[in-house]
Structure formats: structure tokens, C-alpha cells
Amino acid sequence: MNTLNRQKRDQNEEIDFSKAEEILDAYEGVHGALIPVLQKIQAAYGYLQEPVINLVAERMNMNASEIVGVATFYAQFHLQPRGVHIIKVCCGTACHVKGAPKIVEKFSAELDVPVGSTTKDKLFTLEEVACLGACSLAPVAMIDEDVHGKLAPDNVTQVIQKTK
Amino acid sequence: MINLIIDNKNITVPRGTDIFLAAKNNGIYIPGLCYHPKLSQYGGCRLCMVEVTERGRTRHKFSCAQPVSEGMQVKTKTPEIIKYTKSVMEYLLAHHPLDCPTCDKSGECGLQDITHDLKLSKGRFKTVRMNKPMRRDNPLLEFNANRCILCGRCVKLCKDVEGVGAIDFQNRGINTIIGTAFDKPLDCSFCGGCLSVCPTGSWQDRTFKFRARHWELKKTTSICPYCAVGCTIETNTKDNTVLKITSNDARGMNEGNLCIKGRFGHDFVHSDKRIKTPLIKKNGVLSPVSWDDAIGYVAKRFREIKNVYGGKAIGGIGSEKCTNEDNYVFQKFCRMVLETNNIDNLSNMKSPLLNTLIHKSIVHGFTSTTSLKKIEKADTLFFVGADVTEAHPVIGTLARKAIRLNKADLIIANLRNVRFDSIAKNDIRLIHKLGTQAPLINALIKTIIDEKLVDLKRVEKATDGLRELKSLLKTFTIKKASQITGVSEETIRKASALVAKPGNCYIVCGKDIEEDPSGPDTIKALMNLCALINTASSLKTDAGKISLVFSRLNNNSQGANDMGVVPDFFPGYLDIDDQSNRKRFEKSWDTKLSDTIRKGTAFNLIDLALKKKLKAMFVMGENPIVNFPNGKTVKEAFRQLEFIVVQDTFLTETAQLADVVFPTATFAEKEGTYTNMAMEVQRLNIAIPPVCNARQDWQILCDIAKKMGVTLFYESSKEILDEIENTVPIFSGIYYERLIRQSFNWVTAHKLKSRKYKFEILNPKSVTVKKKRDYPFLLLTGPSLHHLGSFSRNSNSLVSVASECFVEVNRKDAQQMNIHDGDEVLIESIQDSMKLKAKVTKKLPENMIFIPEDYEWVHVNVLRDNVYTKVKLSKA
């Protein structure tokens, strides 16, 4: 989904349920289909918003509490809006030794956002992850699909600027 | 049956039993916190580990999730197991706040008990307090996440038993917490089930908090004073004060489940608003007097009225809330002392044919439910005009059990799309048009006959009039039925198949049928349906049995009718005009009954009062001014009367009109019996002595009789029940002592003589409701989960949850009129008008509004006509 569309939707409070309805139609009468439904809905809307979850609950004859329970259990689901770019800073052993905490701190200060949250302009979401499997490049961070290796606190700003 | 050995003890249990339950039932203790017999297995607390030797292999298994097998050897207390269990407890306790001194659960806490059993004093881990915030977002329940061990009992109960599913596990790992979706305030039915199953003190009753320690409480088994389900409750008292209501899973048909009214609606017992002394109206003001004065005055006035106008100028309204004994003495007092047969109770006044129909249904074996508990064994559930979730929540829990464990199918026929949450595979809703209940049932019958879903030859042999029924329904095609009722043909076919399928089917016939003008026709149609299926079932191939359960409104609505507080019958439905019945009672009461004790005119008491044929009225524990349709007329009727006596706990609208008011005891101060809607007579017990000078209803009646020169003398409720046992045939065999252990069901105790069933031949026409141009909406009234009568109105707990009456408006209508949730709307009928907050809903059909009638302080009945009330709606 392109940026413009997403921003437009966030500004406009009215939620377009048609996509969710379409997904739910496809799974009509299928038992145990909650996770694929939530995945598809998240892919369509960016995150799982309350009204959409309530719709899922109603259509799948489930309780909202149960759906939120599932959504909060799995790291793949998000109940808060996410940024256009997702920054995943590796905090695995190798990166940790190479100073990942400082990198995270720098990202956090630079974007003015705590770890696990999204900036006010909805551009970046900062996350810590366990291991990205690129230990030779430690300390490493991924912004969307791009891997940035051998980071130092000093070039964090540059990386952010490049992504913007 | 499976044989196994647990701790060197030979045990035989049914196949499929878990080791945990097998051990528990045979007196072997295994610790466990997540297991609960009411709920499905979870295996979450990890405490119930046992050593299992099977086919030569020894392994460690969780006993709650391991079914028994033949020859299994189980050891529950090997050193290894004890070591394991201890360390699990250490983990559980590492985060537990150990605030037992201020925890209400202390003394009955599962965690505490196991800690004590395992002699755990010092753990190996550093204890860390989590300091999670308390959930305190509602007036009744409080959740302390710090004490929670995440056993999941409350989650399962909320979802499976109550069908609410307000709470679930949220988050993951150490952050896991029991919570609502999006951490919203708890929005549930407040049944308090979570309280009853929580093994720790996580869920707390806010109305009880810090008021007593567990071991100080005295528990008295009793029966809930609200709806007609008759749940067994335990009244917890300390220093003669009712502090909380709990339930015992092993007692009563409710299996420890209660609803919000039953669990939290008890505080009216100690309400300030209770009448404290007898009152006599002096110069238009009710002022306190002594018992002797009040009784003397009433006796004097009754004697005067009797002398001048004759006994039949006095009317009596018995109570659907008082005990059987109260009602028996009431009718005896009226018939013997006042010499009037103008007595009735509100349920009979609302649906006068119901008693006869129920009796017919019993005679033909359609109502043979020994207990409401049987519903949990149903294969098909059919709710006709019954809003179970609101009116009889515990029937809902029983139904859900049938759906969960027995894979029962569900059919709901109603005007409104009433809420009933279930996981039924076949959940069919027959949302029909107004006045088409009877055609809808006839459509089911027609489908069953046409598609030969039952063995019609067998039916023809066992019944009369099948041919007439067939020829009558000849022109009534499914297509036509579908047009009339507004239910699709396919749905009608599906529903017919489910009703006719082999297995137990329970039909719960609700208030919407019983109080409807077409009610008798619908019930007759339902009986035809029952006859069709019951007589067709052969015991060899299927146990197809269909049972009708007639829902009643109050705790003892059934009992008031059983006890003969009706103009047509003596107690036990004995025809009042029959000489032998008359003799029976004359002999028992040692009196000669007046000639006026005969079936009277077809008018009910309100009409008689309006016609000035009544001069006085004796009302026992009822509030007809608010609880009878056409409120204005009722008020008018009461104004015509010269003398009104009311016995009640609270100064209700009716009591305010009275000349004399007697304060009466509540369920906690009473003993006696209530009869629930499945005709189960259950006993209640005295938990506390009478509060503020109140007396038992029957005592007051006896006192007045004595002053009037007639001896009605009883020592206790037991003596009254003994007299009932001796005199009333259907109650022979009822013994007060035996009722402690077991309820008495007069239907099953006495097989009434059954004749060949003759099909009722009814014209399958719908009732047409005339529209009025100026009043485009139709007013429906119905039950409410939170309120029933003057008790709930004076319960602060219930009022705090449901403080305001509302009017439900269809979403489309609301959109047209620009009404939003919470807007105040003006409802006008020809009779009266009122303003209420709107609740926009999808449940209702268009052009209809719904107002719950049990918010007693809102007099919905003044809007109501005797039949369908037309109203108009506007934004206030």
C-alpha cells in the first residue's frame, strides 16, 4: 500500500470495511482460520484496528477478547499503527558485543521515539529484534528490506536521512 | 468401566474419566488449580503430575489431562512427584504477592491450601512483586492481576459456560494477563462466575470486600428469590447480616452458576427503604403503628365490609414471590375467613388460559421434565418467544452445556433477534413477523407431515384427529407460511428437520408466547408438534422425546398457581365447582365453605374493581400498579376501592395506595418452599432472623384470621406443608425434611392419567395487528437481565450496574429519525407518554420499539394497552 493512501486513511476517521469484508467472505464458514484472516487484514490495513477486529469478531462468531488475545500473543500482529519504514535493530549476541545498545539508543534519540513505537509522523517504527543472521556485519540494522551493516552511532543519522 | 490402581487402591471408573477425577472421587488427593469439573481440560497449572505405569512403562503424566486405561497403575506421592510439585508451587509463589491477611479468599484459597499441604515455607527463588495495576472499572468485580496464576478457569467459564467471553489471556510470556479486548472496561453479564471458579483471590467481589473473613461466615442453603429457574444459592451471613451469595457446584440444578441478580442482588435485605413497622393511613399519610393495632384494624374493617357487602366484595392478589406456604394460607384465608373466591395472581391474570394448557401438556406427557437440569442433556433446543439470556440466564448456561458437550442444535423463534451466544453447529433463527407465532409452528408441523420426517402411521394409531389436522393444513403450503411469517422456506425446512430428528428436544416456551393474544393458539400448536413427534418415536430406534418447558416470570409464579391462588381451582388444580373437591377441603379445613366460593365471572380483579363490584383488596407481596399492563386502568381500579391492605417488604406504588401496610420478611428471613418453572419444589431456609420487625406472610394472615374469630394456627412452614401434603393429591409424598436433600417434582411424582391425544384443530391464521396512522410504532416489553420486581430495584449493586431504563430502537428507524445511542426520546401512546434514553440496535424489526419492563421505577405499563400497544416516537 502506498504512503499516500495510508496517510489519507489515517486522516480520515471513517474506516473502509470493504477489504475486511472481502477477506472475511473468503473465509466464511471455515473453522480455525483466525490467524490467516488476521494476517490478510493486517496486510490490507497496516495494523489491526479496533473496529476491524470487532467486525472480525462479529463475522467469525468469536469474542473480541479472544482475537486480541491471539493478536497480542504473536509478534507478527500489531494493534498500533505502524510506520512507513520499519527499523529493526539487531540485538543478538554478536551485535550486542559490538555495541548494539548504543545504536538503539541513537536511533531512539534521533527519531524521538521509544523502542517498539512509531514516530508521530508515522514514518518510522523502531524495533529491537533478536538476530538478523548477519553477524559478520555487526552491529547491524534492517530498514524495511535493506540491511545496514557495521553501524556506528555516528552514521545512524545518515542512514535515517537516506531512507527518508 | 475401567479398573485401575491409584496409590495401591483398586478403583473402577467409567471409560473416559481423567485420572484426576478418578482419584478425587475415590478420596485420593492430587493437588491441582486449573482443573474444574465444570470446565474443559486445560492442563495449565502443572501441579497434578502423577507417576503412571502402563504396559510396563513408567512415565510422568498430568493427571487432569490423562484418561484412565485398563490396568493402569498410578502413584501420586512418590518423592519425585512431590519434589516436582513443590518446585512448580515455588514458581507460582515467586510472583504471588502473599497478601493473604488482606485477601478475601484467604481460608478458601486453592493456592494457600496447596502451599499448606506441601509444607512450603521458604522458596529457593527471590520473590518479586509485579505491582500490576488493579482492574477496578465496574462496581461489582475487581481483578488483581498480581494474585493471578493464569490457570484460565475464569476465561473458560466466561466463554464456555456463560457464552460471554469478555476476558481472555492477553500478551505473552511474563506479561501475560487476564484482560479484556483493548483493555476496555469489563462489559459482561456480571454473573460473577469468575469469582466462583478463581482458585486464588484474583477476582474479588467488591460489594463484599473486607467485610468478613471466610471462616466467620455462616452458609445457609437457600433458593434464589428472583426468576423462575430456582437456582440453589448459599446465603453467607455474619452477625445476622447477609454479606454475599455464593453457590455450591454440587447442589441444585444450576451447578454453581448464577446470574447477576442471584449473586449480587441480595443487598435489598438490609436496605434502608424496607418497611420497618406496620403502617396505617391516617389523613392520607401512612403512619407507623404497632402490630396489634394494625391487625385489629384490618380485622375490624374486613368484618365490616363482609357484613355489609358480603365476602365477595373483597378481592385478593396472591404473590408470585412468596412461598408456597404463604400462598396456600393466603387462599385458605380468603376462601375460609373472608369467604371470597375473587382471588388471583398476576401471572394468571396476564395469561388466564395458561394453567389449563400446562395441565393438558402434563397429562399428555409433554411436560415431564423432572428437573431443568435435564436441559443439559438435550439434543435439540427450541426457544419459542423466550429471551433466555435476559429472562432466565441459567437456562442459557444449561443450554450452552448441551451445545458444548452434547453437540445440541439450537433453534430460536422470536420476533426480535434476541441475543444468545453459542457455538452450536446448527444455530437457526426464525425471526418471524408479529402475530405469526402460531402459523410458524403450524408450518413446522406441515413440513414434518409433508416430508414424512416422522412415522405418520404410528402417529395415526396413537392419536386422534391427525386426518383433520392434515386436511386443515392442506392449503397451508410452506410457501404461504413463508410469506405470512417472513421466515424463508429453507429455514423452516431446516428447523423442522432438527425438531423432528431423534433425540431429546426441549422447547422453552417464553413470555412472548404466553402473554400474547395468540398465545393459547401457539401453545396448542406446540402441543400438536409434541404429539406428532412423541407418538411417532419408537423406543427401539430412537429415544425421540420432546418436552415443553413453560417459562414463568418469578421465583414462585408456578407455586402461586399450584397453591390455588386462582379463581378456578383449589390448590393442586382441583376444580372449584366440583363437589368432591369442595368436600375434601371442607374436611381438611374443618369448615363449611360459603356458597360464594364458585367459579365467578370471566372478569379479572381489576375489571371487577373498575365495575365497583369489589370494595376491598388484599395484596400480598405484589405491585400490580406497576406490573400489570394498562397501568392507568389498574390505578383507576385501585382508586375505586374503599379499603386496601398490602403486605410487602418495600413501600411499592401499590403499598402507597394502601390503607394498611404490613412489613414482611425476605427470602433470607424465611423458610418454606418455592416451585420453579419445571415444577420442582425446592426448600429455602432461614439465614437470619427477621430484619426490622417484619413477619412471615402466612403469620400475618393467621393473626388477622384469629382476630376475625377463625383459628388458622400453624407453628411453622412445615405444618403448612404437611397440611398441603395431606389435602392436595398432587403434593402427596412431599416431606419437608426430605426437601433438604432433594427437590420434589409433582409432575413426575404422580403420573397423571393420560388419554389418547386429540390434535387441536386450529385455523393457522395470523393475528393481524391494526395500524394506527398517528402511532406508527409498536411497543414490545420484555424481561431484563438486571432487574426483576421491587427487590432488584432496592439492590444498590444491581442499580449501580443498570441504573437507567432505555428504549431500543431499530437502527434504520433511528437513522431516519436522527436518533443516536443515548439520545433522549419521547414515547407516546394513547394512554400516556414517557421519556427514555435510546439504545440503537439491530435486534429489533423495523417499526418496533422495545422497553424492558422490569425497571420498576419506570412505569412502562402506563403506556401499554391490553394488547399490542401502538406508540409514536420523537426525539425529545
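**Domains, a chain contact and a covered helix**

In chain A, the centres of domain 1 and domain 2, taken over C-alpha atoms, are separated by 29 Å. The model here is a predicted one. Domain 1 of chain A covers residues 3-73, and domain 2 of chain A covers 85-163.

Chain B gets five entries in its domain assignment: domain 1 (2-77), domain 2 (101-117 + 128-270), domain 3 (279-350 + 556-749), domain 4 (380-501 + 503-543) and domain 5 (777-875). For domain 1 and domain 2 of chain B, the C-alpha centres are 28 Å apart. Eleven residues from domain 1 of chain B and 18 residues from domain 2 of chain B go into the contact between them. On the domain 1 side of that contact in chain B, seven residues are nonpolar, three are polar and one is charged.

Now for where the two chains meet. Chain A puts nine residues in contact with twelve residues of chain B. Helix H5 of chain A (residues 64-73) supplies the largest share of the chain A side, with seven residues.

Back in chain B, helix H24 spans residues 631-640. Buried residues in this helix are B:Gly631, B:Thr633, B:Val634, B:Lys635, B:Ala637 and B:Phe638. What sits over the buried residues of H24(B)? The cover includes helix H22 (605-610), helix H23 (624-627) and helix H25 (653-657) of chain B, along with strand E26 (643-648) of chain B.

Notes
Residues numbered from 1 in each chain as written. Chains lettered and ligands numbered in written order. Predicted model: local features only at pLDDT ≥ 70, side-chain atom pairs only at ≥ 80, totals over all residues. Buried ≥ 20, exposed ≤ 12 C-beta atoms within 10 Å, placed from the backbone. Helix = DSSP H or I, 4+ residues; strand = E, 2+ residues; numbered from the N terminus. Contact = placed C-beta atoms within 7 Å. Domains from an automatic or database assignment. Nonpolar A, V, L, I, M, F, W, Y, C, P; charged D, E, K, R; others polar.
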